[in-house]
Amino acid sequence: MSFEEMWADLLPLGRDGTGGYHRFAWTPPELECRAWFADEARRRDLDVEHDANGNMIAWWRPADGVGGDAVLTGSHLDSVPGGGAFDGPLGVVSAFAAIDLLRKRGVRLRRPIGVAAFAEEEGARFGVACLGSRLLTGAIDPARARALTDADGRTFADVLHHAGLDPEAIGPDDGLLDRVGCFVELHVEQGRALTGPVGVAGSIVPHGRWRFGFAGEGNHAGTTGLDDRRDPMLPFAGMVLAAREAAGRNGTVATVGKVRVVPGGVNAIASSVTGWLDARGPDDASVRRTVAEVDAAARAAARPHGVAVDVAEESYTGVVEFDLALRDRLAATLGGVPVLPTGAGHDAGILSARVPTAMLFVRNPTGVSHAPAEHAEIPDCLAGVEALAAVLGDLAAG
Ligand code: HGY
Ligand code: MN
Ligand code: MN
């Protein structure tokens, strides 16, 4: 099964009419992607390990059965709503294709190679990014994770149970992590900084997401005078504009891309509005300043309308500097490709707290991501597979 054939099989799964993808964790399209993963693993005689957190790892083990000190690669299969085809899946398909290349070249495996598909990397269903890798590494309280809910109010615990997993078993898995020597994630670049087909990641900037809740009073749009309203939509609007202004002042980026309005009727004043802020920047201080300014602006905008405001941090990841020795080893193996920072979060950023981690980027000519226009040309994808095979060969074979 070539890269192109695997890509063609995966491409239709979870694509909507706009060409974007809706592969939310444990929904039918993502379950189809999980089935695809198991098929590709089976086709290569890789045994699939399902950890308690919903992550999957397909293992290629040395003939002599040597375990431990494994080289983990792979990425994620879930998407943001209306996401692109490459964010996540490119790392998984490339990992299978890289194993095929190594086998074709007859390399002798010294350490196991695992192809991972981490669960809920986008946090699109349950709100916390990298939920599967955070649970694996102990970066989130299992009790908090179990109680996370999706837009329909279903808890993560209930969805796990329905998927055949034991919600009480989720949490850090030192046994698994102790078997991993390093993690190398290949990912489509999510900007336009890459001049060549492949690059190496230097760092991930600090980033987080905050939930802003505005509670007002639902009422009739036509019979309620302006002075009688407690309209939560107004301070929400203030918060959105304040995010852009605060980001401009602090040299960060801040986005409000998701809002939930209750009840959401054209002719009804909302009773509550929930908006999510995504803020990222060069350092913790600038991100924290940005969020504090948005928080203050939201509260100031709410006060005159008698609207209550509640702000909660849903996830935060400080700056990730990838393992220098591993990063330089990758760059040397690849003959000195560009090293670049990224404003996007990744499972590699979470895993880096527990194992040496590095990332390979594949050029994205549109520079667009988290949208249907996200793209990588097949020749660049194949260059990525070659690069990943060279890196895996250097780390685990020979
Ligand atoms: O949000 C991010 O940066 C990543 O794509 N999950
Ligand atoms: Mn993403
Ligand atoms: Mn991703």
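User: Which residues is Glu121 in contact with, leaving aside its neighbours within four places in sequence?
Analyst: Contact here means heavy atoms within 4.5 Å. This is a predicted model, and in it Glu121 sits in the loop between β4 (113–118) and α4 (131–137). Leaving aside neighbours within four places in sequence, the residues that Glu121 touches are His76, Asp78, Ala129, Cys130, Gly345, His346 and Asp347.

User: Is Glu121 buried or exposed?
Analyst: A residue is called buried when its relative accessible area is under 20%. The relative accessibility of Glu121 is 4%, so Glu121 counts as buried.

User: How many Å apart in space are Glu121 and Phe24, C-alpha to C-alpha?
Analyst: Along the sequence, Glu121 and Phe24 are 97 residues apart. In space, going from C-alpha to C-alpha, the value for Glu121 and Phe24 is 9.7 Å.

User: Let's turn to salt bridges. How many salt bridges does the rule count?
Analyst: The rule asks for a side-chain nitrogen of Lys or Arg within 4 Å of a carboxyl oxygen of Asp or Glu. Applied to this model, the rule gives a count of 21 salt bridges.

User: Which residue forms a salt bridge with Asp394?
Analyst: The closest N and O atoms of this pair are 2.6 Å apart. Asp394 belongs to helix α12 (residues 378–396) and its partner to helix α10 (residues 324–333), 65 residues apart, so the pair links distant parts of the chain.

User: Where is the salt-bridge partner of Asp380, and which residue is it?
Analyst: Asp380 is found in helix α12, and at 8% relative accessibility it counts as buried. Apart from residues up to four places away in sequence, Asp380 touches Pro197, Val362 and Arg363. The side chains meet at 2.7 Å, N to O, and the partner is Arg363.

User: Which residue forms a salt bridge with Asp328?
Analyst: Asp328 is partly exposed, with a relative accessible area of 40%. In its salt bridge the closest N and O atoms are 3.5 Å apart, and the partner is Arg327.

User: Which residues are linked with Glu40 in a network of salt bridges?
Analyst: Here several charged side chains are joined in one network. Along with Glu40, the network holds Arg43, Arg44 and Asp100.

User: Now for the domains. How many Å apart are the C-alpha centres of domain 1 and domain 2?
Analyst: Domain 1 covers 3–205 + 319–397, while domain 2 covers 214–317. Their C-alpha centres lie apart by 33 Å.

User: Which three residues supply 41% of the area that domain 1 buries against domain 2?
Analyst: The size of an interface is often given as the accessible area lost when the parts come together. Domain 1 and domain 2 bury about 800 Å² between them, with 37% of it on carbon and sulfur atoms. On the side of domain 1, three residues supply more of the buried area than any other three: Arg134, Val205 and Val319.

User: How many residue pairs are in polar contact across the interface of domain 1 and domain 2?
Analyst: The side of domain 1 that touches domain 2 has nine nonpolar, three polar and two charged residues. Across the interface the rule finds zero salt bridges. For residue pairs in polar contact, both at pLDDT 80 or more, the number is three.

Definitions and conventions. Residues are numbered from 1 along each chain as its sequence is written. Chains are lettered from A and ligands numbered from 1 in the order in which they are written. This is a predicted model: local features need pLDDT of at least 70, side-chain atom pairs count only at pLDDT 80 or more; totals for chains, interfaces and linings use all residues. Side-chain values use heavy atoms; hydrogens and water are left out. Buried means under 20% relative accessible area, exposed over 50%, partly exposed in between (1.4 Å probe, protein chains only). Helices (H or I, at least four residues) and strands (E, at least two) are DSSP runs, numbered from the N terminus. Domain bounds come from an automatic or database domain assignment. Buried area is the accessible area (1.4 Å probe) that two parts lose on being put together, summed over both. A polar contact is a pair of N or O atoms within 3.5 Å; within protein, one must be able to donate a hydrogen and the other to accept it, and residues adjacent in sequence count only if both atoms are side-chain atoms. Ala, Val, Leu, Ile, Met, Phe, Trp, Tyr, Cys and Pro count as nonpolar, Asp, Glu, Lys and Arg as charged, and the others, Gly among them, as polar.
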